[in-house]
Amino acid sequence: MVCRNYEGHQICILSIQRSAKKYWEYQAAVSVDGVKTPVEIYNCRGKFKLTKDRTVIQFTQNSPGEIICSFFNK
């Protein structure tokens, strides 16, 4: 588990799996301040996440998506 503190929030990556076909996508479950989220798809190329109900949500500054993409795309 990888945790980071950003702007007073603790964001932890609980599980993560990189897509073999779309290398810029990750399926990840995260927790923000101890509140777990379901597994969602994080698209580092388009800077958005896709929820289970297929809703597209753009990354915001210091969001879990930004952290996942910056941490794993070095």
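Let's start with Cys3, which is partly exposed at a relative accessible area of 34%. Here, buried means under 20% relative accessible area, exposed means over 50%, and partly exposed is in between, using a 1.4 Å probe and protein chains only. Keep in mind that this is a predicted model, where local features need pLDDT of at least 70, side-chain atom pairs count only at pLDDT 80 or more, and totals for chains, interfaces and linings use all residues. Residues are numbered from 1 along each chain as its sequence is written, and side-chain values use heavy atoms, with hydrogens and water left out.

So who is the partner of Cys3? A disulfide links Cys3 with Cys12, with an S to S distance of 2.1 Å. In general, a disulfide is a covalent bond between the sulfur atoms of two cysteines; the rule used here is a pair of cysteine sulfur atoms within 2.5 Å. Cys12 is buried, with 6% relative accessibility. The S-S torsion of Cys3 and Cys12 is about 110 degrees, so this disulfide is right-handed.

By that rule, you'll find two disulfides in total. Cys44 and Cys69 make a disulfide as well, with sulfur atoms 1.9 Å apart. Cys44 sits in the loop between strand E5 (40-43) and strand E6 (48-50), while Cys69 belongs to helix H1 (residues 64-72), so the pair ties together parts that are 25 residues apart in sequence. Helices (H or I, at least four residues) and strands (E, at least two) are DSSP runs, numbered from the N terminus. The torsion about the S-S bond of Cys44 and Cys69 is about -90 degrees, so that disulfide is left-handed. Cys44 is buried at 9% relative accessible area, and Cys69 is buried at 8%.
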